[in-house]
Amino acid sequence: MKRAIFTRFIIVLLFALLLCSAVFYYVTGNHLLKTNIETMGTILRTVDYSLDYAQELQPQINRLGENALEKDSRVTVLDLTGKVYADTEAPQISLMENHLEREEIREAIETGTGYSTRRSSTLNKNLLYVARLADNGKYILRIAVPFSASSDYARALLPILTAGVAVSFCVSMILAVGITKNITRPLNEIAEEMKTQKTGRPDFHFCKYRYEEFNVIADTTVAMAEDINDYLDKLEFEKKVRQEFFSNASHELKTPITSIQGYAELLANDLIPGREGQKDALGRIIREASNMTGLINDILMISRLETKETQVDFSPVRMPVLLDDVVDSLSPLAKACGITVTVDCSQASIFANLQQIRELMSNLISNGIKYNHPGGSVRVRVREDACNLLISVSDDGMGISQEDQVRVFERFYRVDKGRSKKMGGTGLGLSIVKHIVNFYNGTIRIESEPGKGTTFLVTLPKEKSLNTTDEIRT
């Protein structure tokens, strides 16, 4: 890369120097030509002032050529018809052809002055011709000097241009080496810093560079490293969550399985006397099996919500009808706990999956019933605005401390472990609620104070607005 940058820099530099030299040569050549034309015009004005047009012109021109004009200068006097009357170089005026068609003559007749460059057939030289209309308006004065086009200027300018290009090239070579190092050094430093990272958690440290483009590369690399570290942290967190989940699930399943196995062995070995005792053992087996079924169903629901592998059917869900059904199904539990459930629901509806919304409301209400005191109440309020369904479930039970509020949505987490076990809870209810809320890109928050009850506030979009690319977080 260093060689490529240097080579391209030198190529561009040489092209720029050659282009500047050509432009300089062209501009300087034109300036010198213009200066020569102005000088020759001044000479013609002097000649015009010196001539007596009433006398013979050739002798006067000869005297000027001998005494006042440069050696290589040629002065010609002609009338407006192109006839030559005097010339400092022509041996016989009568033999000279008419000059009316000469470019500088026509231009002088039309505008007062004119010039041209060409090869003289008389002197067999390349000449610069400058013509001027005499002050009396009857004659044209013309002067010619040897002119070799650009070659004269090239010989004069070539040493200067060569020296300038050489000095500029040497200075530019030094600058090119410095610029190349300034460009490649930050890249090498960035590459070396990246090579030092041997672990799976990159931690880059770059200095600030002179050129902002390198700072962009460095900052982007640091940002990518942070994203990688965040991703690794996320993987570790998910691994920990899964390990805890399997550990907790195994523990939750082990208890009912042990109980079922124990009662089954007692029944198989006729160790439970009497009809009533055996009936009670069978009832315990059925309850433990039912608890296992509920636990497995809750685990499967969380799995489906997380992976979104199954097809979910959506339809308009009328909240008043749904709440009547949920409250009716929970009435035996509420009656057994001495809890009053009241519902304040507008004619709200949501486009969602019926079973998921039923599960959400059932878990919130049953949670308020279980973690309450006898004679307490659970209040359900449902409203809607232009875009969202607003759900509030409040109880006046034991409340949740600030420490527990940040963990109540974790799987198998119980605020009151003994009470939850006694009530037959799996510890997954609020985790399911959080998964359902996230599934619909909604929000849920807790307002609670120990001893004064708890309120769960849920906001769900009324129309289906699922982000299927985002992972659902617990």
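In the predicted model, Glu104 and Arg142 form a salt bridge, with 3.0 Å between the closest N and O atoms. Glu104 belongs to helix α3 and Arg142 to strand β5 (residues 139–146), so this pair ties together parts that lie 38 residues apart in sequence. Both Glu104 and Arg142 are buried; for Glu104 the relative accessible area is 0%, which is under the 20% limit for a buried residue.

Helix α3, in which Glu104 lies, spans residues 103–111. Beyond its neighbours within four places in sequence, Glu104 is in contact with Gly114, Tyr115, Ser116, Arg118, Tyr129, Ala131 and Arg142.

Across the whole structure, a search finds 14 salt bridges. One of them joins the side chains of Arg383 and Asp344, at an N to O distance of 3.0 Å. This pair links distant parts of the chain, with Arg383 in strand β9 (residues 377–384) and Asp344 in strand β7 (residues 340–345), 39 residues apart. Arg383 is partly exposed, at 27% relative accessible area, and Asp344 is also partly exposed, at 35%.

A further salt bridge is formed by the side chains of Glu449 and Lys452, with an N to O distance of 3.6 Å. Glu449 counts as partly exposed at 43% relative accessibility, whereas Lys452 counts as exposed at 60%.

Note on methods: Residues numbered from 1 in each chain as written. Predicted model: local features only at pLDDT ≥ 70, side-chain atom pairs only at ≥ 80, totals over all residues. Heavy atoms only, no water. Helix = DSSP H or I, 4+ residues; strand = E, 2+ residues; numbered from the N terminus. Buried < 20%, exposed > 50% of the residue type's maximum accessible area, 1.4 Å probe, protein only. Contact = heavy atoms within 4.5 Å. Salt bridge = Lys/Arg side-chain N within 4 Å of Asp/Glu carboxyl O.
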